[in-house]
Amino acid sequence: VGFGTAALAQDNYPVRQVTMIVPFAAGGPTDVVARIVGDHMSKTLGQQIVVENVAGAGGTTGITRGAQAAPDGYTIMMGHMGTHGAAPALYANLKYDPAKDFAPIGLAAGTPILIVAKKDFPAPDLKGFIAYVKANEAKINMAHAGVGSVSHSTGVLLNAQLGIKPAMIAYRGTGPALNDLMANSVDYMADQIVNVAPQIAAGTIKAYAIATPERSPALPNVPTTKEAGLPDYQVSAWNAVFAPKGTPAPIVAKLSAALDKALDDENTRKRLLELGGVIPDKAGRTPAALQTLVESEVARWNPILKGMGEK
Ligand code: MLT
């Protein structure tokens, strides 16, 4: 097999379906973003992108599998602020380096964080919530998607700012966590807007605040943390497509162009915006911009989370 064969494989790519690993349960935020952008990328690539949910260990199980897959463009993954930002601070034996073991494809969506609670949570607003959790620390619990996930790291940050250590309940994603929140069987969580926006709008869960400087157009009635009395809690997540390190440059370019095109597509944008997703601008979608983001996120989260995870 000579150079000619490899070059041909890259020119023809893709000749069969592409697997996109989502490292969390189906129906959750990462899955939702993957399916929305994957739908349109499939059209551009002329081959189906099939989502495979490989949940566990805060997303690090699926991303480890993706990092170790053949770098041929047929296995890609949807990583996020947790798997490619927070996880290194929390897992001493993480089997991948977010900055070194991937061929970044591009940023797919920004996902602001909201403080949400079960519908029956006995507080009308964020100030009431804060007073309640401080007074009832021993009997409340927080849902999250596993150590190093977005909901875990942004939840740990929230709890640290409130000075509380509630029981932490791990799920295989915030999709299943949201089901328990709707069933009133878990108390609260910090979660990405694309997961919770429909349930907030439907009134099946409570939203106390969004942790961004401005309100979201998707949830205009939800106050910012600044408005609601917790101005220092400012945090947003992001979701991004990665391929394994060593994926040939022409394949990376095709995937990146397909993602860029998806994010320019009116229907794709509408679906993301309705859920409160933030669509990256052109400059923010490139592989180079994603590499820079990953490096800065690992550096940002490390001092915040060091010592708070698995040993
Ligand atoms: C998910 O898809 O379940 C989430 O992205 C989990 C998280 O990181 O909180």
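Rings of Phe, Tyr and Trp, the last by its six-membered ring, are taken as a pair if their centres lie within 6.5 Å. In this predicted model, a search of the whole structure finds eight such aromatic pairs. One of them joins phenylalanine 121 and tyrosine 208, with ring centres 6.2 Å apart and planes at 75°. Planes over 60 degrees apart count as edge-to-face, and the pair is therefore assigned to that class. Phenylalanine 121 lies in the loop between β4 (102-118) and α5 (126-135), whereas tyrosine 208 belongs to strand β8 (residues 205-210). The pair thus links distant parts of the chain, 87 residues apart. Buried means under 20% relative accessible area; phenylalanine 121, at 2% relative accessibility, therefore counts as buried. Tyrosine 208 counts as buried as well, because its relative accessibility is 3%.

An edge-to-face pair is also formed by phenylalanine 129 and tyrosine 188, at 5.1 Å centre to centre and with 70° between the planes. Because phenylalanine 129 lies in helix α5 and tyrosine 188 in strand β7 (residues 188-192), this pair ties together parts that are 59 residues apart in sequence. Both phenylalanine 129 and tyrosine 188 are buried. Through ring pairs, Phe121, Phe129, Tyr132, Tyr188 and Tyr208 are linked into a cluster.

The largest nonpolar core has 50 residues, of which Leu126, Phe129 and Tyr233 touch the most other members. Not counting residues up to four places away in sequence, phenylalanine 129 touches Ile115, Phe121, Ala123, Leu162, Tyr188 and Tyr208. Another core, of 49 residues, lies apart from the largest one; Tyr13, Ile105, Leu219 and Leu255 are among its members.

Ile105 is also a contact of serine 256, which touches Arg285 and Pro287 too when residues up to four places away in sequence are not counted. Serine 256 is found in helix α10 (residues 249-264) and, at 11% relative accessibility, counts as buried.

Helix packing was examined for α4 (residues 82-90) and α12 (residues 287-305), which meet at an angle of about 35° with their axes 7 Å apart. The crossing of α4 past α12 is right-handed. On the α4 side, the contact is made by His84, Gly85, Ala86, Pro88, Ala89 and Leu90. Their counterparts in α12 are Val294, Glu297, Val298, Trp301, Asn302 and Leu305. By class, the contact comprises eight nonpolar, three polar and one charged residues.

Apart from residues up to four places away in sequence, glutamate 297 touches Met81, Gly85 and Trp238.

Met81 is likewise in contact with threonine 154, as are Ile113, Ala190, Tyr233, Val235 and Trp301, leaving aside neighbours within four places in sequence. Threonine 154 is placed in helix α6 (residues 150-162). Its relative accessibility is 0%, so threonine 154 counts as buried. From threonine 154 to glutamine 68 the separation is 86 residues in sequence and 27 Å in space, C-alpha to C-alpha.

Note on methods: Residues are numbered from 1 along each chain as its sequence is written. This is a predicted model: local features need pLDDT of at least 70, side-chain atom pairs count only at pLDDT 80 or more; totals for chains, interfaces and linings use all residues. Side-chain values use heavy atoms; hydrogens and water are left out. Axes are lines fitted to C-alpha atoms, for helices over the stretch in contact, and angles run from 0 to 180 degrees between N-to-C directions. Helices (H or I, at least four residues) and strands (E, at least two) are DSSP runs, numbered from the N terminus. A crossing is left-handed if the near helix is turned anticlockwise from the far one by less than a right angle, and right-handed if clockwise. Contact means heavy atoms within 4.5 Å. Ala, Val, Leu, Ile, Met, Phe, Trp, Tyr, Cys and Pro count as nonpolar, Asp, Glu, Lys and Arg as charged, and the others, Gly among them, as polar. A nonpolar core is a set of buried Ala, Val, Leu, Ile, Met, Phe, Trp, Tyr and Cys residues joined through side-chain atoms within 4.5 Å. Buried means under 20% relative accessible area, exposed over 50%, partly exposed in between (1.4 Å probe, protein chains only). Rings of Phe, Tyr and Trp (its six-membered ring) pair if their centres lie within 6.5 Å; planes under 30 degrees apart count as stacked, over 60 as edge-to-face and the rest as tilted.
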